[in-house]
Amino acid sequence: MDRLSSTTTLPDTFQGTRDDFSMQMALIWGQIKAPLIVPLLRLAVVICLIMSLMLFIERVYMGIVIMLVKLFGRKPERRYKWEPIKDDVELGNSAYPIVLVQVPMYNEKEVYQLSIGAACGLSWPSDRIIIQVLDDSTDPTIKDLVELECQRWASKGINIKYEIRDNRNGYKAGALKEGMKHSYVKHCDFVVIFDADFQPEPDFLWRTIPFLVHNPELALVQARWKFVNADECLMTRMQEMSLDYHFTVEQEVGSSTYAFFGFNGTAGVWRIAALNGAGGWKDRTTVEDMDLAVRASLKGWKFLYLGSLKVKNELPSTLRAYRYQQHRWSCGPANLFRKMVMEIIRNKKVSSWKKVHVIYSFFVVRKLVAHIVTFIFYCVVLPATVLVPEVEVPKWGAVYIPSIITILNAVGTPRSLHLLVFWILFENVMSLHRTKATFIGLLEAGRVNEWIVTEKLGDALKAKATNKTPRKSRFTFGERLHFLELCVGAYLFFCGCYDVVFGKNHYFIYLYAQAIAFFIMGFGYVGTIVPNS
């Protein structure tokens, strides 16, 4: 009997302990809520609303500019002189400038033939073009394959140079810098850069070089990217929406107004005199392309974006590759801003308005605020107001402004308008990764100079898909887990449940959807799952 009574009273003891713990937590929450949590959350809301307004004004401004550009037809051919380079009977081919085409690569087993073949297929007088393959590969087998491919094209009469070095110092910037030191480069006037997955059309040089020949103030002509695998999976469609806005709006607006925009690192033609005059390639950040563009702009050089000229390339289709790429693209600009902001302010060669454009619009709003406000506001602060009903977010800040920003972002890819909700959820999840990378760049923390080459699959995935033999995933389940995403997902799910029971703003619809998105990406079920070969 005593044994029975002891076992029946044991759960009551646990229940009492649990109730005591709950009461203690509620008491602590009640004591710190009014004097500490509420004021801090109100301050966070105000800061986030200010950042949202900054982003909103920037998006509306760019929307107005791009609309005027389209309406009044300010095409590149009207803003700058363009005419075909004419043949000269006396000079012969020497009337044409010598062009260097650089193709940097690193263990590009799946795409090296495509990129080298496309570069060698460029139409230009054969004695006025040099193809330079800069191979930093560490895999000896791939290195041999790349060298053999270069020899194969050389046997066809193509002036192709296979260049290697004994280290990877400076990564891509180091390879490009080393490539410019060769004696034959001294005779070149312009340099074209194509990353290993880029496949330019044969007429690329005929459409770009005349701008540089006839307009000595131009330093750079940048082409647009065209994604060959945009339809591979939902993640690549999301990337296409983001990058199409970047090219359709951001690059076009920068080119049309201040003749400045960030060089995309590939599919662009540089005037070698401008490149060298700006200090050449530097490896102080992971965005050597943006670094060079800012320095050249501060020297007074102008840039031109050709939206009508598209170069085929590949989007990262695995979540792992995409995360590494986004870390580099978010951390690098923040770190570059830290290093260059005072240099920009002190510069005497460009106007004050251009300085404001570079510092405020280009860096602060697009490279810092856009990432931070997306995560902090929509994934942290807004859900927190569900738990603290004393703090309210005005409807214009919670609904209207983000809706307009989203619609303006979607104009670049009309074919994907039906995916807008998925794009919002996807971008909000990625904003966690980008915000973390942004702060790493600003604070110069541990991974600030991390450079991992974006994996390209080329046709490898299609080849493996035809093989019916079952294969294991390249990554184990544990490697695909992303702890931070899962934690934020759990937080949003809890806030959603709290809103269902106690809330009045119906935020739970958004909170549940966003929580599911965080869980899906946290477990790594996004993008292409590549089987082991």
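This is a predicted model: local features need pLDDT of at least 70, side-chain atom pairs count only at pLDDT 80 or more; totals for chains, interfaces and linings use all residues.
Leaving aside residues up to four places away in sequence, Thr286 touches Arg328, Gly332, Val448, Asn449, Glu450 and Trp451. With Arg328 there is also a polar approach: a polar atom of the Thr286 side chain lies 3.5 Å from the backbone oxygen of Arg328.

## Arg346 in helix H10

Arg346 belongs to helix H10, which spans residues 319–346. Arg346 is exposed, with a relative accessible area of 56%; the class applies because the value is over 50%.

Between Arg346 and Leu319 there are 27 residues of separation in sequence. In space, the C-alpha atoms of Arg346 and Leu319 are 41 Å apart.

## Packing of H11 against H13

Helix H11 (residues 352–387) packs on helix H13 (residues 420–443) at an angle of about 125 degrees, and their axes are 8 Å apart. H11 is therefore oblique to H13. The crossing of H11 past H13 is left-handed.

On the H11 side, the contact is formed by Lys367, Leu368, His371, Ile372, Thr374, Phe375, Tyr378 and Cys379. On the H13 side, the residues are Glu427, Asn428, Ser431, Leu432, Arg434, Thr435, Thr438, Phe439 and Leu442. Sorted by class, this contact of H11 with H13 holds eight nonpolar, six polar and three charged residues.

## Packing of H11 against H17

H11 also packs with helix H17 (residues 508–522). Here the angle is about 140 degrees and the axes are 12 Å apart. H11 and H17 are therefore oblique to each other, and H11 passes H17 in a left-handed crossing.

Tyr378, Cys379, Pro383 and Val386 of H11 make this contact with Tyr510, Leu511 and Phe518 of H17. By class, the contact of H11 with H17 has seven nonpolar residues, no polar residues and no charged residues.

Terms used: Residues are numbered from 1 along each chain as its sequence is written. Side-chain values use heavy atoms; hydrogens and water are left out. A polar contact is a pair of N or O atoms within 3.5 Å; within protein, one must be able to donate a hydrogen and the other to accept it, and residues adjacent in sequence count only if both atoms are side-chain atoms. Contact means heavy atoms within 4.5 Å. Axes are lines fitted to C-alpha atoms, for helices over the stretch in contact, and angles run from 0 to 180 degrees between N-to-C directions. Helices (H or I, at least four residues) and strands (E, at least two) are DSSP runs, numbered from the N terminus. Angles under 35 degrees count as roughly parallel, over 145 as roughly antiparallel, 65 to 115 as roughly perpendicular and the rest as oblique. A crossing is left-handed if the near helix is turned anticlockwise from the far one by less than a right angle, and right-handed if clockwise. Ala, Val, Leu, Ile, Met, Phe, Trp, Tyr, Cys and Pro count as nonpolar, Asp, Glu, Lys and Arg as charged, and the others, Gly among them, as polar. Buried means under 20% relative accessible area, exposed over 50%, partly exposed in between (1.4 Å probe, protein chains only).
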